[in-house]
Amino acid sequence: MSIELKQVSHTYSEGSAFQSVALKNISLKIEDGEFVCLVGHTGCGKSTLVQHLNGLLKPTSGQVLVDGEDLNGEHVDRRKLRQRVGLVFQYPEYQLFEETVAKDIGFGPKNLGLDAAQIDARVRRAMERVHMDYNKYAQRSPFELSGGQMRRVAIAGVLAMEPEVLILDEPTAGLDPRGRDRILTMLEELHREGGTIVMVSHSMDDVARLATRVIVLAHGELVMTGTPREIFTRPERMEEIGLGVPDAARLCAELRRRGLDLPEDLYTQAELKEHILRAWKEARRAE
Amino acid sequence: MKEERLSARDVSYTYEESADPALKKISLSIEAGEFVAVLGHNGSGKSTLAKLMNALYLPTEGQVLVCGMDTADDSRLWDIRRQAGMIFQNPDNQIVATVVEEDVAFGLENLGVPHDVMVPRIKEALKAVRMTDYAESAPHMLSGGQKQRVAIAGILAMQPSCLIADEATAMLDPSGRREVLDTVCRLNREKGITVVWITHFMEEAAQADRVIVISDGEEALTGTPREVFRQVDRMRELHLDVPHMAALAHELREEGMPLPEGILTVEEMAGEVMKLLCPSN
């Protein structure tokens with residue numbers, strides 16, 4: 001499925017003294033199979049934007065089209081649509097509430113009216129996708145788990161609705177390196193299996209690892225969009241906006257500034273390693 | 001010899017509901033003016049250690065001293081907490097008042113500090129974290145980084161000698177993280193406040209004087225950031241990362257490139273690479 005924003009603006013508390021413009025005239029399209037990362041400062045409108053993608057917020061002006069159909073049109077079943085577009089909020093583990101992991105993950109499917117066997121099948125599948133062993137954890141209380149495990153259970157709860165598009169708002173915030181890596185690996189797999197993913201992130205290294213496309217927001221406006229390579233090889237522009245680029249991209253810019261002949265569009269550690277090694281071997285041969 | 005500010009002597013701590021100790025016979029000593037980063041994966045025991053350092057927890061075994069005071073000595077509890085102020089992860093859980101300066105005043109009011117002493121202290125504390133302009137603002141209108149700075153001001157107003165931060169930047173965005181860490185580094189440098197900085201961000205730990213790595217309740221590694229982060233394989237065994245440049249240098253060394261040990265930053269990396277590639281410069 002595709003989701004398209006056409007000139008979407010959103011103003012909170014319009015007409016009151018607290019009126020604030022969160023999104024200004026945003027147009028973008030998310031296609032099937034993409035892994036889109038949204039980056040920008042706190043308060044730039046990222047979270048407001050993602051809440052438009054499944055109709056939790058309505059644009060003040062403009063349109064959100066899902067497979068070409070206006071999401072906020074009169075005859076659209078928004079409840080159904082929210083099953084197709086799953087949204088994982090920030091710190092989703094705060095929303096866990098059931099006695100057992102299985103019940104928590106099965107809560108959404110149960111509300112869909114599925115029978116016990118169908119619910120169980122969905123819970124098992126969702127747990128497998130977030131790398132939680134069913135036999136070990138299904139009957140445990142979610143509140144006995146570590147922070148990273150709780151977060152994976154919360155994500156499984158959204159996956160159990162079997163959405164076509166998965167949206168995550170800062171899914172690795174506050175986790176330790178191992179917890180972070182587990183979530184990223186899991187998202188990589190979901191994407192490889194054909195899932196469409198939209199992720200809000202502050203970590204440029206996570207973005208560099210996962211994104212097929214990056215969208216940069218600043219002050220409610222879309223300021224840049226492109227592949228990670230296009231975005232991260234313009235470190236000056238990103239720093240102007242107050243965002244960084246991955247260390248590897250900074251190193252590439254710094255080595256070029258010092259006169260090393262490197263392509264300007266390197267941004268991953270693996271690429272840098274390869275190019276530095278090649279340059280070193282050439283220099284040794286020349287000696 | 002430098003004065004010792006915080007120390008643990010053979011400290012073990014076991015949670016009531018748990019059979020295994022969260023900390024096992026930890027001993028460490030932190031000197032006045034040191035900036036010490038504590039690393040460890042979730043559940044390693046590092047937050048337990050922080051809470052022992054200002055008597056939120058008392059050791060099951062061993063002894064914790066704050067500025068020479070034993071945390072088990074009930075009569076010194078308020079002195080201990082005043083000397084070792086603590087900030088936590090969630091900026092929203094630490095603010096109690098509806099106006100910034102009142103929030104900073106909270107601790108002083110509890111100590112019964114007279115008004116004429118309190119006012120200049122609050123001013124100075126807000127100035128030290130560069131939040132003077134927000135003295136009369138409502139805390140909920142502030143960014144996460146600003147809220148953490150207000151929390152730090154609340155501690156500074158008590159004139160502590162140590163600041164213990166338990167993942168104080170975990171919930172902030174990169175610019176918020178920067179502003180909080182810069183604030184704490186400045187307080188360490190200019191006011192000589194001893195800092196214990198617990199974090200999951202290796203780049204933050206790289207700025208410390210010393211790094212202590214906790215794993216399974218024990219001290220696994222300790223040393224300067226350069227000494228600790230060059231042990232890339234060991235850090236990964238402990239389920240931790242190293243700063244990106246330390247990792248890249250390690251990989252290049254494994255390929256035979258004679259880069260020196262201890263590279264941490266992009267600038268250092270660029271400098272060392274250029275030395276090898278263009279030795280004439």
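A: Start with the chain itself, in what is a predicted model. Take the contacts in chain B between residues at least 6 apart in sequence: 62% of them join residues at least 24 apart. Chain B has 281 residues, and 49% of them are buried. Its secondary structure comprises eleven helices and ten strands.

Now the overall dimensions. Along the principal axes, the C-alpha atoms of chain B fill a box of roughly 65 × 45 × 40 Å. The radius of gyration of chain B is 20 Å; a compact globule with 281 residues would have one near 19 Å, so the value agrees.

Next, the part you asked about. On chain B, 31 residues are in contact with 30 residues of chain A. Three helices of chain B each supply at least two residues of the side that touches chain A: H6 (174-191), H10 (244-254) and H11 (266-277). H11(B) gives the most, with eight residues. By class, this side of chain B has 15 nonpolar, eleven polar and five charged residues.

Turn to the partner. Chain A is divided into two domains: domain 1 covers 34-42 + 73-243, and domain 2 covers 246-287. Their C-alpha centres lie 34 Å apart. The two domains of chain A do meet: eight residues of domain 1 are in contact with eight residues of domain 2. On the domain 1 side, helix H8 (204-210) and helix H9 (228-232) of chain A each supply at least two residues. That side of domain 1 of chain A has five nonpolar, one polar and two charged residues.

Chain A also holds an open sheet. Four strands form this sheet in the order S2-S1-S4-S5, with antiparallel pairing. Strand S2 (20-30) and strand S5 (69-70) of chain A are the edges; each has a single partner strand, so one side of each is left without a neighbour in the sheet. Strand S1 (residues 3-12) of chain A runs antiparallel to S2(A), and seven bridges join the two. Within that sheet, Thr11(A) stands opposite Val21(A) in S2(A).

Helix H1 (residues 46-53) of chain A lies across S1, S2 and strand S4 (61-66) of chain A. Helix H1 of chain A runs at about 125° to S1(A).

On the chain B side, the leading contributor is H11(B), with eight residues.

Conventions
Residues numbered from 1 in each chain as written. Chains lettered and ligands numbered in written order. Predicted model: local features only at pLDDT ≥ 70, side-chain atom pairs only at ≥ 80, totals over all residues. Domains from an automatic or database assignment. Contact = placed C-beta atoms within 7 Å. Nonpolar A, V, L, I, M, F, W, Y, C, P; charged D, E, K, R; others polar. Pairing = 2+ DSSP bridges. Axes fitted to C-alpha atoms, helices over the stretch in contact; angles between N-to-C directions. Rg over C-alpha atoms; globule rule 2.2 N^0.38 Å. Buried ≥ 20, exposed ≤ 12 C-beta atoms within 10 Å, placed from the backbone.
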